[in-house]
Amino acid sequence: MLKSVFTVVCLCLILVSVTSAQSREKTDTESWRIEWVNDFDSAQTLAYAENKHILLDFYSDT
Amino acid sequence: MDSVTFENRIAASVSKSLIFSKHNGKVDTSFARRYGIAAYPTMVVVKPNGDEVDRLVGFYRPEEFVPAILDLLQDRNTLNDYLSRLMQYPGSLSLRLEVAEKYRNRSSLDEAREHYEYVLETDPDNGEGFSDDALMAVGKLELKARNYDLAVEQFERFKKTFPDSEMYEDAAIYVPYTLMRAEKVAEAIEQFEQFKKDFPDSEELEWVDKQIQKLKEGNN
């Protein structure tokens, strides 16, 4: 009986640990991913509000 | 840029200092024209009111992108910075060349031409080693502006003026290439053939043969 309880507790701890690690990784990734504001008027509004410059990335898909 | 630089954690670290805005220059043509976009990719850093600070032209790997952007945000090595330094050292040909390059990147061709010509007039014998760069750039600038006759003239001028330059072969191949762009087929073929005789060991021979074949088939 004691052995079964111990096994269940261990499994729970492992599950919590794995879930927490996955969640942390996801949060880290989201924290550094670039957020694109492709509408220039909106980008300007945000730039004024946050006192930032704007990087305009001009690309061509041809 | 998307799959390499903008997806990179280090490069994205500068996102805290900037608002990122992506534009397809071939679709949003009026917006691209507003900023004189002539090559892709081009990244233009602007103030909130839309005034340009400076730009990066071409592909930048993450390790190049971050310092270049940080320079730009601190107004280091920007057109404005070079112009200020040129006020202090008006005789500096290296600064003059940097200013010309900045104008060229902005498609401000008249201003670029003026600074390149200053370098050429000041040091016609290429004593400081900037004049061959300047003349080659003038040729390319005319080519980009589709002033084909002027471009050929500048590349021929290069061949006569700087026969010992490392860029001599480049100038020589730009002559037929420009003629080809100008759809002067017979002259282009003749000049490509001449190039083959003048540079029998060139790495470009395979490409040259392909161009000759295309010209003869009428597919240029």
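# Briefing: a shared sheet and a helical core

Helix H2 (residues 40–50) of chain A lies across E1 of chain A together with E1 and E2 of chain B, at about 170° to E1(B). Axes here are lines fitted to C-alpha atoms, for helices over the stretch in contact, and angles run from 0 to 180 degrees between N-to-C directions. Helices (H or I, at least four residues) and strands (E, at least two) are DSSP runs, numbered from the N terminus. The model is predicted: local features need pLDDT of at least 70, side-chain atom pairs count only at pLDDT 80 or more, and totals for chains, interfaces and linings use all residues. Residues are numbered from 1 along each chain as its sequence is written, chains are lettered from A and ligands numbered from 1 in the order in which they are written, and side-chain values use heavy atoms, with hydrogens and water left out.

**The sheet**

- Four strands make an open, mixed sheet, ordered E1(B)-E1(A)-E2(B)-E3(B).
- Strands E1 (18–24) and E3 (52–57) of chain B are at the edges with a single partner strand each, so one side of each has no neighbour in the sheet.
- From one strand to the next, the twist averages 20°.
- Two strands count as paired if DSSP finds at least two bridges between them.
- E1(A) and E1(B) run parallel and are joined by seven bridges.
- In that pairing, Phe58(A) is opposite His23(B).
- Strand E1 (residues 53–59) of chain A pairs with strand E2 (residues 42–46) of chain B in the antiparallel sense, over five bridges.
- Across that pairing, Ile54(A) is opposite Val46(B), and Asp57(A) has Met43(B) as its bridge partner.
- Five of the seven residues of E1(A) are buried. Buried means under 20% relative accessible area, exposed over 50%, and partly exposed in between (1.4 Å probe, protein chains only).

**Chain A overall**

- Chain A has two helices and one strand, in the sequence pattern α-α-β.
- Of its 62 residues, 21% are buried.
- Its accessible surface comes to about 4,800 Å², with 61% belonging to carbon and sulfur atoms. Accessible areas come from the Shrake-Rupley method with a 1.4 Å probe; for residues, only the protein chains shown count as cover.

**Helix H4 of chain B and what follows**

- Helix H4 (residues 62–73) of chain B lies across E1 of chain A and across E1, E2 and E3 of chain B, at about 160° to E3(B).
- Its twelve residues should span 16 Å at 1.5 Å a residue, and its end C-alpha atoms are 16 Å apart, which agrees. The expected span is 1.5 Å times one less than the number of residues.
- Buried residues of H4(B) include Pro62(B), Phe65(B), Ile69(B), Asp71(B) and Leu72(B).
- Asp81(B), in helix H5 of chain B, is buried, with a relative accessible area of 13%.
- Beyond four places in sequence, Asp81(B) touches Asp75(B) and Arg76(B). Contact means heavy atoms within 4.5 Å.

**Helix H6 of chain B**

- The 13 residues of H6(B) should span 18 Å at 1.5 Å a residue; the end C-alpha atoms are 18 Å apart, in agreement.
- Its buried residues include Leu93(B), Leu97(B), Arg96(B), Lys102(B) and Tyr103(B).
- Cover for the buried residues of H6(B) includes E3, H5, H7 and H8 of chain B.

**The nonpolar cores**

- A nonpolar core is a set of buried Ala, Val, Leu, Ile, Met, Phe, Trp, Tyr and Cys residues joined through side-chain atoms within 4.5 Å.
- The largest has 43 residues; Tyr116(B), Phe158(B) and Phe195(B) touch the most other members.
- Elements giving two or more residues to this core include helix H5 (79–88), helix H8 (131–144) and helix H12 (205–217) of chain B.
- H8(B) gives the largest share, seven residues.
- A second, separate core of 16 residues includes Ile34(A), Val14(B), Phe20(B) and Leu56(B).
- Leaving aside neighbours within four places in sequence, contacts of Phe195(B) include Ala172(B), Ile173(B), Leu205(B) and Val208(B).
- Leu135(B), in helix H8 of chain B, is buried at a relative accessible area of 1%.
- With neighbours within four places in sequence left aside, Leu135(B) contacts residues including Leu120(B), Arg157(B), Phe158(B) and Phe162(B).
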